[in-house]
Amino acid sequence: MQHLPATLCRKLARPACDVFINHRGIDTKRNIAGLLYDSLTRMEVRSFLDSMNMKPGDRLFDHIDRAILGCKVGVTVFSPRYCDSYFCLHELALLMESKKRVVPIFYDVKPSQLVVKDNGTCPSKHLQRFSLALEEAKYTVGLTFDSLKGDWSEILRDASDAVMMNLLEVEEERKNLKRKP
């Protein structure tokens, strides 16, 4: 029987990412979500951004759900068309249901403007799940940014700092749990 190399075993055993970036691509992929991914990558934080971590042939839900369940911290970039996306809402619900730390960024949108809409294509069970997750996330302390008036370097620094602080806190909590008998 052939054994897998130790480095491959370690790679398979560890989660695919530390941070999952949940966002509406049409609104944020080429600006705040992409820039935050780059900033975190330069800081050697393993981050998941769908356009950067997926390739043709990957099964969307399998790949994304695995990344969410394996991450330590989620960043949710809320934007004007965020709630129009089933995928965004599914990812948010999974982040909240799996009790991940979530850093909300309200990009060109106020929390009060975020509402799950019933366009008739989504089962009511999903709508309820999405609404609960959205309400929980809206009442989590986050960052706000107006792309017309805001300072891009400031929001990227603040978002990166918030992610790093949450990663450190998650690691501390894990260490404390391991110490308890």
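Reader: Why is Phe106 called buried?

Author: Phe106 has a relative accessibility of 4%, and buried means under 20% relative accessible area, with exposed over 50% and partly exposed in between (1.4 Å probe, protein chains only). So Phe106 counts as buried. A quick word on the background: this is a predicted model, where local features need pLDDT of at least 70, side-chain atom pairs count only at pLDDT 80 or more, and totals for chains, interfaces and linings use all residues. Residues are numbered from 1 along each chain as its sequence is written, and side-chain values use heavy atoms, with hydrogens and water left out.

Reader: What makes Phe78 buried?

Author: Its relative accessible area is 0%, so Phe78 falls under the buried cut-off.

Reader: Why is the pair of Phe78 and Phe106 called stacked?

Author: Rings of Phe, Tyr and Trp (its six-membered ring) pair if their centres lie within 6.5 Å; planes under 30 degrees apart count as stacked, over 60 as edge-to-face and the rest as tilted. For Phe78 and Phe106 the centres are 5.2 Å apart and the planes are at 15°, so the pair is stacked. Phe78 sits in strand E3 (residues 73–78) and Phe106 in strand E4 (residues 101–107), 28 residues apart. Helices (H or I, at least four residues) and strands (E, at least two) are DSSP runs, numbered from the N terminus.

Reader: What makes Tyr86 and Phe130 edge-to-face?

Author: Their planes make an angle of 75°, with 5.2 Å centre to centre, so the pair passes the edge-to-face cut-off. Tyr86 lies in helix H6 and Phe130 in helix H7 (residues 124–138), so the pair ties together parts 44 residues apart in sequence.

Reader: Is Tyr86 buried or partly exposed?

Author: Tyr86 has 32% relative accessibility, so it counts as partly exposed. Phe130, at 2%, is buried.

Reader: How do you know that H6 has a span close to the expected one?

Author: The expected span of a helix is 1.5 Å times one less than its number of residues. H6 (residues 86–97) has 12 residues and reaches 16 Å from its first C-alpha to its last, close to the 16 Å expected.
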